[in-house]
Amino acid sequence: MNFTLTLNGQKTLLQAAPSESLLAVLRRMNLLSVKVGCEAGVCGSCTIMYNGKPVPSCKIPVGITMNQEIETLEHFSKTEAYSDIMKGFQKAGIKLCGYCNSGKIFAAASVLAAKNKPTRASIRALISHLSPCCTDMDTLINGILYAVEAYNKRTGA
């Protein structure tokens, strides 16, 4: 079947079975920031932005993506928000291993997009489903808070 959606800012036609995972289709399209991990939606490795929200692509059947917006790290990494997140992560001492980057980065991106003053508790609730392999939760929370600081400094918020 054919499915039209917006992928990384471009109208895109996907050909796939409706029940096939979005993860499998994106990997076939050579979007390699979307990693195969637990395939249960908890490791963060296959996280994408789906209509502006971070979600595990392994849990999304292609059949529900018609006319939706999907962004991968290949596209997001060219934004100023990504730069703010990298500054925050660096300040916190987060070393990205490459495996679960998208889960951590897109969690931070959703905090920035909310444009409010997040608390440690609200960030912990947002990332509680992740099991990042190379960063403990407190360090990740610090990195996200530093990213908010960098974003606010850049935007004057």
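Modeller: α4 passes α5 in a right-handed crossing (right-handed if the near helix is turned clockwise from the far one by less than a right angle, left-handed if anticlockwise). The contact is built from Ala107, Ser110 and Val111 on α4, with Ile123, Leu126 and Ile127 on α5; contact means heavy atoms within 4.5 Å. By type, these residues are five nonpolar, one polar and no charged (Ala, Val, Leu, Ile, Met, Phe, Trp, Tyr, Cys and Pro count as nonpolar, Asp, Glu, Lys and Arg as charged, the others, Gly among them, as polar).

This is a predicted model: local features need pLDDT of at least 70, side-chain atom pairs count only at pLDDT 80 or more, and totals for chains, interfaces and linings use all residues. Numbering runs from 1 along each chain as its sequence is written, and side-chain values use heavy atoms, with hydrogens and water left out.

Now the geometry. α4 spans residues 101–114 and α5 residues 120–127; they pack at about 135°, axes 10 Å apart. Axes are lines fitted to C-alpha atoms over the stretch in contact, with angles from 0 to 180 degrees between N-to-C directions. The helices are DSSP runs (H or I, at least four residues), numbered from the N terminus. α4 and α5 are therefore oblique (under 35 degrees is roughly parallel, over 145 roughly antiparallel, 65 to 115 roughly perpendicular, the rest oblique).

Next, α6, residues 137–155. Its axis and that of α4 come within 10 Å and cross at roughly 45°. That makes α4 oblique to α6. This crossing of α4 past α6 is right-handed. Lys104, Ala108, Val111 and Leu112 of α4 meet Leu140, Ile144, Ala147, Val148 and Tyr151 of α6. The tally here is eight nonpolar, no polar and one charged.

How values were computed:
Helices (H or I, at least four residues) and strands (E, at least two) are DSSP runs, numbered from the N terminus.
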